[in-house]
Amino acid sequence: MVAERIDGKAFAAGLRGQVAQEVARLKEEHGLTPGLAVVLVGEDPASQVYVRSKEKMTVEVGMNSYAHRLPADVSQGELISLVRTLNADRAVNGILVQFPLPKGLDQQQVIETISVVKDVDGFHPQNAGRLVAGMPGLVPCTPLGCMMLLKDRLGDLSGLNAVVIGRSTIVGKPMAQLLTNASATVTVAHSRTKDLPEVVRRADIVIAAVGRPEMVKGDWIKPGATVIDVGINRIDAPEKGEGKTRLVGDVDFAGASQVAGAITPVPGGVGPMTIACLLANTVTATCKANGLPVPAVLTA
Ligand SMILES: NC(=O)C1=CN([C@@H]2O[C@H](COP(=O)(O)OP(=O)(O)OC[C@H]3O[C@@H](n4cnc5c(N)ncnc54)[C@H](OP(=O)(O)O)[C@@H]3O)[C@@H](O)[C@H]2O)C=CC1
Ligand SMILES: Nc1nc(=O)c2c([nH]1)NC[C@@H]1CN(c3ccc(C(=O)N[C@@H](CCC(=O)O)C(=O)O)cc3)C=[N+]21
């Protein structure tokens, strides 16, 4: 069997189109233009690329983008005070502080300072709690994007066996929660899991969010399973020339493609969905802030 390639890049472009329609509607009917503030601390090259890409797409869908670049040696106090200023700014509906922060800065305090209703990353403990409690809130972008891809392919997920590899607060745990809320039977695996290949073999849905290049092998995959590869790993690619690198996921794509029913590639899979969902969450936050219903196409 050769797996269907799930085209996250194309799906994300479609979602951005729907976001653009909602933005146009908010403008026409309510005179509102959603605004997203992105804060980048320091000069990590990968983060700079992501942040530029976010800003460009924010403007493309018709929203306002507010960029704040701070030096790596900014104090915790100055960073927190910028977040408070953005919390109070009526033009700002969503706030994203790019992670990881340079050493010495407290990420958790930043997360807890961001206003719950502007927390478009969905990292605030109150949004995490809302997800667990089944209450409406802002859902982390990467798991939200994975969920949209899964529902598009599989429809109803109830009763399916799902394995989430990874238990981070930003990907693994919220992913497992969304799958549980959709009535899948969910196993969360991590670095202490015994016999991971055997656990993965039971899964109709595999979500790999580990950060280890091509760790999940083809012979771990149940024939016909749907595989969502969240991993973004830059590895050396001497075949492309000296000093060159390439991106790979947490799944051995070539091997898994022989067995799976469908699989997301890296790049072009989950990554573009994360950014599209960030824009969707900014529209969601704008609707909520103004007492308007949240369009169903922006949720999972
Ligand atoms: N596509 C996108 O938009 C995004 C991609 N990413 C990528 O997703 C990946 C995961 O990110 P993130 O969740 O932040 O990573 P973390 O490092 O926070 O979490 C990694 C998880 O993987 C588990 N793990 C580590 N080694 C193993 C192993 N050998 N077997 C089983 N489990 C293991 C860890 O277990 P334990 O808890 O026991 O330590 C941990 O729970 C990274 O590649 C990251 O770059 C992240 C965010 C967005
Ligand atoms: N506060 C915060 N929120 C985040 O959501 C957040 C963050 N910090 N820090 C870093 C991670 C990572 N992340 C990605 C987003 C898009 C791609 C993406 O678009 N990837 C492209 C490839 C990009 C390339 O070529 O380098 C793809 O997979 O096709 C990847 C990774 C968001 N993150």
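Helices (H or I, at least four residues) and strands (E, at least two) are DSSP runs, numbered from the N terminus. What you see is a predicted model, in which local features need pLDDT of at least 70 and side-chain atom pairs count only at pLDDT 80 or more, while totals for chains, interfaces and linings use all residues. Residues are numbered from 1 along each chain as its sequence is written, and chains are lettered from A and ligands numbered from 1 in the order in which they are written.

I will start with helix α2, residues 45-60, which packs against α10 at an angle of about 50 degrees, the two axes being 10 Å apart. The pair α2 and α10 is therefore oblique, the word for whatever is left once angles under 35 degrees are called roughly parallel, over 145 roughly antiparallel and 65 to 115 roughly perpendicular. From α2 the contact takes in Ser-53, Lys-54, Met-57 and Thr-58, and from α10 Ile-275, Leu-278 and Leu-279, where contact requires C-beta atoms, placed from the backbone, to lie within 7 Å. By class, the contact of α2 with α10 has 4 nonpolar residues, 2 polar and 1 charged; here Ala, Val, Leu, Ile, Met, Phe, Trp, Tyr, Cys and Pro count as nonpolar, Asp, Glu, Lys and Arg as charged, and the others, Gly among them, as polar.

Helix α10, residues 270-289, also packs with helix α1, residues 8-30, at about 15 degrees and with axes 8 Å apart, which makes α1 roughly parallel to α10. The residues of α1 that meet α10 include Phe-11, Leu-15 and Val-19, and among those on the α10 side are Ile-275 and Leu-279. In this contact of α1 with α10, 14 residues are nonpolar, 2 polar and 3 charged.

Turning to the sheet, three strands form an open sheet in the order β3-β2-β4, with parallel pairing, and strands count as paired if DSSP finds at least two bridges between them. At the edges are β3 (64-70) and β4 (94-97), each with a single partner strand, so one side of each has no neighbour in the sheet. Strand β2, residues 35-41, is joined to β4 by 4 bridges in the parallel sense, and Val-38 stands opposite Leu-96 in β4.

How values were computed:
Axes fitted to C-alpha atoms, helices over the stretch in contact; angles between N-to-C directions. Contact = placed C-beta atoms within 7 Å.
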